[in-house]
Amino acid sequence: MSDWPGKEELYFLPLGGTGEIGMNLNLYGHDGAWLMVDLGVTFGDPRVPSVDVVMPDPAFIEERKDDLAGLVLTHAHEDHLGAVPYLWPRLRCPVYATRFTAAVLRRKLEEAGLLDQVPIKEVPLSGSFSVGPFEIELVTLTHSIPEPNALVIHTSAGKVLHTGDWKLDPDPLVGETFDEKRLRALADEGVLAMVCDSTNAMVEGEAGSEGEVQEGLLELVSRLENRVAVGCFASNIARLESLGQVARKTGRRVCLAGRSLKRMLEAAQESGYLQDFPSVVAEEEVGYLPRNEVLLICTGSQGEPRAALSRIARGEHQQIMLEEGDAVVFSSRVIPGNEVGIFALQNQLAQMGVEIYTDREHEIHVSGHPARDELAQMYQWVRPQVAIPVHGEARHLLEHAKLAEDCQVPHTIVSENGDLIRLAPGPAEVVEQVTAGRLALDGQAIRAIESEVLRERVRMLYNGAASLTLVLDAVGNLAAPPQLSCRGLLDEDLEADELDAAEAYIERSILSLRRRDLQDDEAVIEAGRIAVRRFFRKLSDKKPVTDVHLVRLD
């Protein structure tokens, strides 16, 4: 182990999930070691439209991987564990998780060919265990997935409560309810800092209960006469439980449309949940059932183009179809940034004559994150000395900090990814900024979002591409007219004339070079590239990505 951090020192360092929602990666440093809490992904990035999966850059801890004592996963959502199959080979540390979270992770690792390599240490709910110099205690909370845990991180320099994702749901349907007794007891023991979920810091009241959602779904589905498809998050096991009960009470058969739903059901049942879930009808059998006996549970509530609901709406699903008079129920919230895809999906369904139901009109979804009343309740129970809002955009973090101050928390720190926060000794403060970038899964490769490969791809997307071939003789004269080909720049009916004009412009540009520059390959190539870009800038205000091939004749 290294000499830093020292035995009396305690640091908190977010590398993902602070200043944004998703892609969580948090580090705690103490007594020569580092503890990682969560390692997640987020989906897509407006800067790189061609990328589906984005994850935090672990460069800081990768450089110190010999001091990384372990990774503790708070729960099984993608934004908390989804990056493990991609980034664990860079870290190679033990992974700690409760039974259900471990079951979900194992399926991901199996797909990645890492199942036999990653040491997963299962820990019980409300259990305690050591990770290097850190003593970890799990406190059961409620969320939109089974087994969400807050971590009490005990160190000789102080105690931290890391909440993970949570809410206070008295009727979660699946799993235990929150451990109010233990949360209250923490205040008497003294909590140095609470690192807490900020997602709904701007939402008044409480998040609501899954029990209420089940009643809302039952009331709605009972009124529908034909096929019903419900779009929801695959990881919301309580929602699956509710839909199973709704199907049973309304005389419908359940079909799961989407591989992630089937994986989650398997993981839940393997972990002791959903033991009375109805038997599932195979997708290829749905078409043989009367329309009023079908309840489809589908992936794709966020408008994801490759998910089941989108493929059904496009008529591209091989086994499942919807018809006029059928219904689609969106039992999920609109995640900011997904509005365009969701509304496009709903428009497709509406054009088919499918009835659409959302949580704007019906009690069919509740958030998994604490609203303001629940945040205030948590602060009243725990009474930390320092509040550190995480898991939210800047506006959420600032609003959360104000609420913590109203709850008489002595000190708040609003930070961003890469802020190294010293919690002890002395007053808590940001002492340094470290690298906290983003990585993109690009096919099978992992690249920095700022990499030249991805930047060039985006430039091609917005500006098109051009390829120019120049042939010069030994003394530097053009031995043939320039040959230009383009993609995404010219309309078909004008292409021939505009290519002729472009090639003439390029030829004039090359002929205007000085004799010595015509002998310099790099000068000729750069002149050709600039000529192409200038021509199209004047023609269409585009600056295409341009390749120039130079051939010199002997």
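**Labels and the values behind them**

Analyst: Happy to! E293 is found in the loop between helix 8 (259-270) and strand 17 (294-298); helices (H or I, at least four residues) and strands (E, at least two) are DSSP runs, numbered from the N terminus. This is a predicted model, in which local features need pLDDT of at least 70 and side-chain atom pairs count only at pLDDT 80 or more, while totals for chains, interfaces and linings use all residues. Residues are numbered from 1 along each chain as its sequence is written, and side-chain values use heavy atoms, with hydrogens and water left out.

User: Why is E293 called partly exposed?

Analyst: Buried means under 20% relative accessible area, exposed means over 50%, and partly exposed is in between (1.4 Å probe, protein chains only). E293 has a relative accessible area of 32%, so the label is partly exposed.

User: And why is M23 called buried?

Analyst: Its relative accessible area is 1%, therefore M23 counts as buried. The residue sits in the loop between strand 2 (18-19) and strand 3 (25-30). M23 also has a positive phi of about 60°, although it is not a glycine.

User: Which residues is E293 in contact with, leaving aside its neighbours within four places in sequence?

Analyst: The partners are G251, R252 and R253, where contact means heavy atoms within 4.5 Å.

User: What makes the peptide bond between W4 and P5 cis?

Analyst: Its omega is about 0°. P5 is in the segment before strand 1 (10-16). A cis peptide bond also joins A424 and P425, again with omega about 0°, and P425 is placed in the loop between strand 23 (419-424) and strand 24 (429-433).

User: What is phi of R92?

Analyst: It is near 55°, a positive value in a residue other than glycine. R92 lies in the loop between helix 3 (84-91) and strand 8 (95-97).

User: How many helices and strands does the protein chain have, and what share of its residues is buried?

Analyst: The protein chain comes to 16 helices and 29 strands. Of its 554 residues, 56% are buried. Among contacts between residues at least 6 apart in sequence, 72% join residues at least 24 apart. Along its principal axes, the C-alpha trace spans about 90 × 70 × 45 Å.
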